[in-house]
Amino acid sequence: MDLNFSISPRILSHLGEDLIKNESIALFELIKNSYDACSKYCIVDFHFQNGKLIKLTIEDDGFGMSKEIIETAWLVIGTDNKHKKIERNECGRIPLGEKGIGRLSIHKLGNSIKLISKTAADKEIELSIDWNNLYTAKEINDFYINLIVNDNPTTFIKSTGTKIIIEDLRSHWDRRQLREVYRNITSLNSPFSDGNDSFHVLVESNTKVFEGLPNFEDIKNNALYFGSCKMRGGEIVEFKYEFKPWSNLDKVDSGRIIKLEDLRTEDKIIKKWNSEIRKFEDIDLNESKVGTIEFDIIIFDTDAQIFSYINTEKSALKTYLRENGGVRVYRDGVRVYNYGERDNDWLGIDLKRVHRVGGNVSNNIVIGSVKINRDSSSGLIEKTNREGFIENEHYFDFVEAINYALSLIVRERNIDKSLLTTLYKKHRSVEPVLSDLNEVMSLVENKVDNSEGVKDEILKYLYRVNDQYKEVKEVLIKSANAGLNLGIVIHELDKLIAELTGCIERNDKDKAIRISLSLEKIIRGYSAMLKKSDIQLQPLSEIISIALDNYEFRFLDHSVNIISNWKDSDLKAYLAKAESISVLTNLLDNAIFWLSYAKKSKRYISIYITNEIEGYNSIIVSDNGPGFSLPLDVAVEPFQTGKPHNIGSGLGLHVAKEMMVAMKGKLLLISDENEIDFPKPIKDNNVTKAIVALCFPKEKK
């Protein structure tokens, strides 16, 4: 039987070119059709002759198509027969195809097309299209396709399904392109499948063109950090992080596992960071029409000093990660293209790494999977060109939720990475530059002849470099601390100015005066942090007084109560006034953040002056928030943060520690509240979390 198209064949030919941008997406669309047909498998076969790809075959064991479906649906462009059936089909799947354009993928791939299909109730149907005949056709009616009924089935003798044979391919497929297509096809099945998926994509060939491509299971064994998270509604319902050190990392005693019960209560609530108001907002995946999210990720460590211990061919692993790294999305077990591709940083993973040095991961060291269900994710709508979801409010909540889970996993990974770095880095000195300089000085002393004063000349310059380095470092640390506080100051000034404007418009003179005084205090306090100051004997109460003035408005804004003995203390210590105010302000800002994060109804910060720590007079800051989320030794390292979404610079406590050392004092993080004899008001209100002691020397050093 012959049929002619109801639209121009030239239009149909170009539709396949325009809507389907590349071969990977074209094959992906055909595979999705197999999924919609309740197939258990889809086989994609690449057939070569004399080293050249000449034929593609896509075959499945689905329910097939009847002659009527082919005539009224498959051969008609843009039908909505799938769109009308959003409910689950007979095998419990919701169709992935929505636009009725997936069949155009065939025309992207080749000129000669044969389709063979059989249902359980109908005879086998064979359809043939040869686009080469298009160029000899003078009018529409001259272009025919062949549709025949096989009384005796030739392909599906005792089964149902659809087989598509594509020949006279439209483009030449080189080795690089073939391997790229193979990667994309095999990625349609999640690498984190639990074994219960009922649909699998298989790749076959009559050559060895795909031989030697890495197997995911082998690659996975070279990772160190593993995370999984399940989110439902507004909270995390399942969580697991695991550090699995290789056997040859013999300096590590054992691995580490963190489970849901190990997370703080506050961490289990899904959040997004609103940078405009500088607050976290809760996410409800049901309200966002996203449904349950299952997130799995493995993280590799390619830092040279750790990577050298790996048990596989290093260049092959790096190549695999470069080509396959990223986080992919799977809906009902089938991949949503093109999340996880090299040019699609949809989670902003690489962007965050550029904006914040240290503490973040990159796409080329992670392999991740996000699984969602189609029937509960109606808010996520696929684009017409099949390249991801429409970026609506539901999509942004979807992205934020995954980023939140990722930040918790990365936070734990950073703890173990810090351990490995400490154990295996070549220079254990806290000051690598000074350590290297000392080594050079030692070599000069022992190896260089001083007969012509050469040794002294070299050493003179090395000592000068040493002194200049210390000066530059001191300036940078002070500038870094000022920079950490500057964003907070600007934010507070913006709010106060807006409130002052409102008071003036309402003619509220008394409140306008109060706000003006607050503005003056903030500016004066910040100026005090920037002024150069020498180490002198200073009352600790004066440092606290200025810091409290700086944060008076913030305490009111965040409903924070202060408990302090500063008015009753006459203890003094040797310190630099500006630097000390800056460090204390930094600690107060951290405390306010965590109290807001924990959503405490009654919020307290304690600022306690004491001489309990031997050799020092100290200011101890604590609060009634959730406490430290990182081990204390890790928390003071640079670029380490326990804040969700990895916000902040991760420098606060590190800079504070360095500034205290520069003043001949020390910064202590105290885990046991019983180490300090806190006054009764502090104990009664449980203001004994996140204890940080600023220890200033009693005597001049």
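Colleague: In this predicted model, which residue of β24 does Lys666 stand opposite?

Modeller: Lys666 stands opposite Cys695 in β24.

Colleague: How do you know that β23 and β24 count as paired strands?

Modeller: Pairing requires at least two bridges between the strands. Strand β23 (residues 666–670) is joined to β24 by five bridges, so the two strands pair, and they run antiparallel.

Colleague: What makes β22 and β24 a pair?

Modeller: Seven bridges connect strand β22 (residues 616–623) with β24. Since at least two are needed, the two strands therefore count as paired, and their sense is antiparallel. Within this pairing, Ile620 has Ala693 of β24 as its bridge partner.

Colleague: Why is strand β24 called mostly covered?

Modeller: A residue is buried when its relative accessible area is under 20%. In β24 (residues 689–697), eight of the nine residues are buried, so the strand is described as mostly covered.

Colleague: Which residues of α14 meet α16, and what classes make up the contact?

Modeller: From α14, Glu542, Ile543, Ile544, Ile546, Ala547 and Asn550 meet Lys577, Ser580, Ile581, Leu584, Thr585 and Leu588 of α16. The contact has seven nonpolar, three polar and two charged residues.

Technical notes:
Residues numbered from 1 in each chain as written. Predicted model: local features only at pLDDT ≥ 70, side-chain atom pairs only at ≥ 80, totals over all residues. Heavy atoms only, no water. Contact = heavy atoms within 4.5 Å. Helix = DSSP H or I, 4+ residues; strand = E, 2+ residues; numbered from the N terminus. Nonpolar A, V, L, I, M, F, W, Y, C, P; charged D, E, K, R; others polar. Buried < 20%, exposed > 50% of the residue type's maximum accessible area, 1.4 Å probe, protein only.
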